[in-house]
Amino acid sequence: MLAFLELGRDLAALGAPDGLVAECRRAAADEVRHAVVTARLATDRGAPLQAAMVKESTLPSSAELAVANAVDGCVGESWAALLATHQAAACPDAQIAA
């Protein structure tokens, strides 16, 4: 969630269109919904919840933002999708696999 809020902040500071900044906020809200669902699944199965570690961020240059977005948004998300697909296929709990 924080990554999308920071991205929206950074894009706004660089003069991005309001619609793009609003989409970052929408994505952050979607991440909150996802966190609620996964937290419920975890606690229902006895797993303890841990507070998120948050580090202070600085405003990047447009080049730094572009590189970070490409790495996180393309490489990182592609890897996460591949990993989630594998984990879902191997998961014995149908609710979690879904």
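Here follow questions and answers on the core and salt bridges of a predicted model.

Modeller: Local features need pLDDT of at least 70 and side-chain atom pairs count only at pLDDT 80 or more, while totals for chains, interfaces and linings use all residues. Residues are numbered from 1 along each chain as its sequence is written, and side-chain values use heavy atoms, without hydrogens and water.

Biologist: Which residues make up the largest nonpolar core?

Modeller: Such a core joins buried Ala, Val, Leu, Ile, Met, Phe, Trp, Tyr and Cys residues through side-chain atoms within 4.5 Å. Buried means under 20% relative accessible area, exposed over 50%, partly exposed in between (1.4 Å probe, protein chains only). The six residues are Leu7, Leu11, Ala16, Val21, Cys24 and Leu65.

Biologist: Which helices each supply at least two residues of this core?

Modeller: Helices are DSSP runs (H or I, at least four residues), numbered from the N terminus. The suppliers are H1 (2-13) and H2 (18-44).

Biologist: Which residue forms a salt bridge with Arg26?

Modeller: A salt bridge puts a side-chain nitrogen of Lys or Arg within 4 Å of a carboxyl oxygen of Asp or Glu. Here the closest N and O atoms are 2.8 Å apart. Both residues lie in helix H2, three residues apart. The partner is Glu23.

Biologist: How many residues apart are Arg45 and Asp93?

Modeller: Their salt bridge has its closest N and O atoms 2.8 Å apart. It links distant parts of the chain: Arg45 sits in the loop between H2 and helix H3 (62-90), Asp93 in the loop between H3 and helix H4 (94-97). The separation is 48 residues.
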